[in-house]
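Look at the fold below before reading on.

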Amino acid sequence: MEKQIKKIQNVLTRKKISHYEIYLEYSQGTSIEVENFKVEAYDKKESIGFGLRIARKNHIGFSYGTDFSDAAIARTIADALQGVHYTSANPNLGWPDQKYSYSPVKNFDATLIKRSREEKIDLLC
């Protein structure tokens, strides 16, 4: 995920955009549907996307994307810049002076990753 953030930051730097915020979202999950002790469906999903807030002259623009290709990142930045023109000016708009580092949120049972598909199904039945 660090690679995707750096890629977005590089494009923002090349476009001389200095006031921005990147929000990266990554999720993965497994869904098992059981009926009468029989597995009806088993599904694994993974998704990644990013939100981008850009500030210009006390205006804010926002855009969201799920494609990390160069063209898609450029389009997402262009959409956020376009949004700047449609928001009201906020003279109190600002960014924190200090950079913060947050730990990744882990809200799943890590032992499930090590279990086979059959073991996961057995836990439910």
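Ser47 is found in strand S2, a strand being a DSSP run of E with at least two residues, and a helix a run of H or I with at least four, both numbered from the N terminus. This is a predicted model, in which local features need pLDDT of at least 70, side-chain atom pairs count only at pLDDT 80 or more, and totals for chains, interfaces and linings use all residues. Residues are numbered from 1 along each chain as its sequence is written, and side-chain values use heavy atoms, with hydrogens and water left out.

Not counting residues up to four places away in sequence, Ser47 touches Glu25, Tyr26 and Ser27, where contact means heavy atoms within 4.5 Å.

Strands S1 and S2 run antiparallel and are joined by 16 bridges; two strands pair if DSSP finds at least two bridges between them. Another bridge partner in S2 is Arg53, which pairs with Glu21. S1 and S2 form a hairpin with two residues between them, and Asn36 in the turn has a positive phi of about 50°.

On to strand S3 (residues 59–65), which pairs with S2 in the antiparallel sense over seven bridges. Here Ala55 has Ile60 in S3 as its bridge partner. S2 and S3 also form a hairpin with two residues between them, with Lys57 in the turn at a positive phi of about 50°.

The largest nonpolar core has 12 residues, among them Ile8, Leu24, Phe50, Phe68 and Ile73. Such a core is a set of buried Ala, Val, Leu, Ile, Met, Phe, Trp, Tyr and Cys residues joined through side-chain atoms within 4.5 Å. The elements that give two or more residues to this core are H1, S2 and helix H2 (70–84). Leaving aside its neighbours within four places in sequence, Phe68 is in contact with several residues, including Gln4, Lys7, Ile8, Leu24 and Phe50.

Technical notes:
Buried means under 20% relative accessible area, exposed over 50%, partly exposed in between (1.4 Å probe, protein chains only).
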